[in-house]
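Hi everyone, thanks for coming. Have a look at the picture with me, and we'll walk through it piece by piece.

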Amino acid sequence: MSLWPIVWERPIALALLPLWLALWWFLRQEQRRPEVWSGAIEFWRAVSPESTRDVAREGRLTPRWIVWALAGLGLGTIALAGPRGAAPGPARVLHLHLQPGGALWIDRDDPAGRWQRARQAIARQAAALEPEPSVWLWHDGASAPLETEPDGSPPQAFLERLARSAAPFAPPDRADALWVQAAAPDPKPLAAGWVATGGDERAGPVGWDRGGWVHLEGGQLVPESGGAARPRWEPTSERSWIGDFARLWAADRGLATEGDGPLVLSVRSLPAPALASDGEVVGRDGWSAAVTPREASPSVAPLDGKSEVEVWLAASRGPLLARAPGQVAWAHVEWSEPRGDPAQVALSFADFFDGALAAPPEMASPEARADQGEAGESAPRWDLAAYPDPSRWQRGALTALAALVAALALLRAATLAPR
Amino acid sequence: MELPNTPSRSTRPAEEPFGPPVRFGADLGARWARFAARSASTIHRREGGGRALRVGADAAFDGLRPYRAGDDPRTIDWGLLARSHRVYVRTSRREAGETWGIVLDASASMGIGRPSKLQAAAEAAMALASLGLALGASVEVAIEGEREAALRLGSARDLGALAARLEGRRAGGLPSLGTPVRRGSWHGAARVFVLGDLFGADPGAWCGLRRMGRELVLVQILGAEELAPAARGPVHVLDPERAGRVTVVADAGAVLDYERALGAWLETWRRVAARRGAQHVLGDSAQTFEERLSRAVLR
């Protein structure tokens, strides 16, 4: 392993070293006691052995306990600064971590909107990197990263999915990463770069509360006063107790079946799983029902959505209830009346339908619409990115070793320090 | 008291000069002359009241006085005792031909003090030499620790040579007063003055110099910090000669212990000196030579 050049992951920690030097100087001053010349030194030695200590052997050197203490602090500081001494390799991949949710995407049609400003800041930061990255990898925090050429842009679907995503934004603090977000990160990353679009509040709908839309205006949540089209849902014409329950739930939520409102839920079908002739008992959340094969073919369209489908209830050989954003579906089988506490049944299915509601394109969370503060950006520690990132195990081992050395040194200092 | 024989490393070579050089101020010449004149006058006036320095050819009969403890029995007037049943001693007047010896310690520890102990001892040596010459004695000055022969002074004109020898001198070297060493002819002197801090010296050996026909005056000079150290908390005590360095928590208790130990050692000197009939005079280096010697010479 090459020892030079050494680069530091957290060079700010090295600012502690002058502090330890100052501490050493201070302790030296403390040790520098008044000196008195005397021909009667033997009397001092004779009268009170416990009050005298022969330090002739120590001379005027710094006491060993101070040396040990400062060595421990110094080593700990260096370990904290994270030295990297490996031979550099080419660093050409820039990882762009986009903030999930609608904060970046809220004003996508505005040429001076957040997303456009983010693109410009990304281009500025990438152009300033040396060597220039040859590949951009876009991360949405949920699915596999998307690779583009430098100055490329992810497709519309990627961005729309990102806007709908509720995944937490927890990008890695790596030297080859650039965080892309609306508000400036707090705390700031040590190695990663970041761009923050900033931006004023974008007023608009943030939710539907039974009778109408709720808007964010001037930092306040304001119910819309009439006139707006209610969100719609598409029920199934097939009669079943689940379908009846869906209609009750939709009425409670204030969803319409007709009109110009955005479509937020559709009922679809699932292919019937293989069931024994005498059926199978399924259930969850404290209720159960018997399912048996059904002869007729389903009259509703099958569930669409692929990767975003969530199986909510399954028989032994296939799903019975599933949902995807904007869709719910149940298998085309005979369902017996549910057994169990009716309240539990109601709560369970309300959760099933609520979780499938698709947010209308114009709806965004209050956090996404809120004022994002000032714009800002900071370059990543691209010089560090040229070095292999230690594995989690290596980093942990190095940290533990440094802490152990520092602790041993401080322990030694404590045993040597005068009482 | 017996001091612990602690081997240690000095923090500075003992051979190196230590402390300020001896400097004689412009007024000292007049003060020495004044001291010598007054003291000689006093001695002359009371001659017969003091102890004879030498019995024999150097002494001339001057009168009688009542016997006092410590008087040389050979001076008792036995005839008068037989006649009057009273003990009188014959007193004499000093004559030229008497020799005074002055032993000056110049080891490194003498560089301590403000002014230094060496400065105080050198001023006292000059004063004693002036007095001896004023009384008609010849004076030999030996500086312990140096290789040069003792300086013999026969008249007041020689005082300049002594001043030249002392001025500019700095303390240095290991303790030289461990035991008396025969240097020059002062060993046969009628009166011997020893000037120094006496650290490392053997009281029995030095007081043994007192003998019939010879007075011995031990003028012990210590630094103020040696006599009465301040309780200043943790402090490094350094010995310029041999004992290296110790760190001392000089609180009130430790200072008291130190003063007790030092006091016991000083008391040993006083007791041994008294037993041998020698004078022991103690003072710190800040005393003037007049204060110091008035007790030593004009007793």
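Let's start with one pair of residues: A:Leu270 stands opposite A:Ala331 in strand β19 of chain A. They belong to two strands, β14 (residues 263-270) and β19 (residues 327-331) of chain A, which pair in the parallel sense over 5 bridges. Strands count as paired if DSSP finds at least two bridges between them. The names come from DSSP runs numbered from the N terminus, with helices being H or I runs of at least four residues and strands being E runs of at least two.

Before going on, a word on what we are looking at. This is a predicted model, where local features need pLDDT of at least 70, side-chain atom pairs count only at pLDDT 80 or more, and totals for chains, interfaces and linings use all residues. Residues are numbered from 1 along each chain as its sequence is written, while chains are lettered from A and ligands numbered from 1 in the order in which they are written.

How confident is the predictor in chain A, going by its average pLDDT? Chain A averages a pLDDT of 82, and 88% of its residues score at least 70; pLDDT is the predictor's confidence in each residue, from 0 to 100. Over residues 54-59 of chain A the pLDDT is below 50, and beyond near neighbours in sequence this stretch has 9 contacts in the model. A contact here means two residues whose C-beta atoms, placed from the backbone, lie within 7 Å. Where pLDDT is low, the predicted coordinates should not be read in detail.

Now chain A as a whole. Its secondary structure comes to 10 helices and 22 strands, and of its 419 residues, 30% count as buried. Buried means that 20 or more other C-beta atoms lie within 10 Å of the residue's own; 12 or fewer makes it exposed, anything in between partly exposed, with C-beta atoms placed from the backbone. Of the chain A contacts with a separation of 6 or more, 72% are between residues 24 or more positions apart.

Back to our two strands. They sit in an open sheet of 5 strands in chain A, ordered β13-β14-β19-β18-β17, with mixed pairing. Which strands stand at the edges? Those are β13 (232-234) and β17 (310-315) of chain A; each has a single partner strand, so one side of each is left without a neighbour in the sheet. From one strand to the next, the twist averages 15 degrees.

Next, two helices of chain A. The axes of α6 (residues 241-253) and α7 (residues 342-354) come within 10 Å and cross at roughly 70 degrees. These axes are lines fitted to C-alpha atoms, for helices over the stretch in contact, and angles run from 0 to 180 degrees between N-to-C directions. A:Phe245, A:Ala246 and A:Trp249 of α6(A) make the contact with A:Phe349, A:Ala350 and A:Phe353 of α7(A).

One loop residue before we leave chain A. A:Ala166 is found between α5 (156-164) and β8 (177-181) of chain A. Is A:Ala166 buried or exposed? It counts as exposed, because it has 10 C-beta neighbours inside 10 Å. Leaving aside neighbours within four places in sequence, A:Ala166 is in contact with A:Pro100 and A:Gly101. A:Pro100 is 66 residues away in sequence, yet 6.5 Å away in space, C-alpha to C-alpha.

On to chain B. It has 8 helices and 10 strands, and 42% of its 299 residues count as buried. Its open sheet of 6 strands runs β5-β4-β3-β6-β7-β10, again with mixed pairing. At the edges stand β5 (151-153) and β10 (279-284) of chain B, each with a single partner strand, so one side of each is left without a neighbour in the sheet. Strand β7 (residues 215-222) of chain B runs parallel to β10(B), joined by 6 bridges, and B:Val219 stands opposite B:Val281 in β10(B).

Helices lie across this sheet too. Helix α7 (residues 252-276) of chain B lies across β7 and β10 of chain B, at about 155 degrees to β10(B). Helix α4 (residues 159-166) of chain B lies across β4 (138-144) and β5 of chain B, at about 150 degrees to β5(B).
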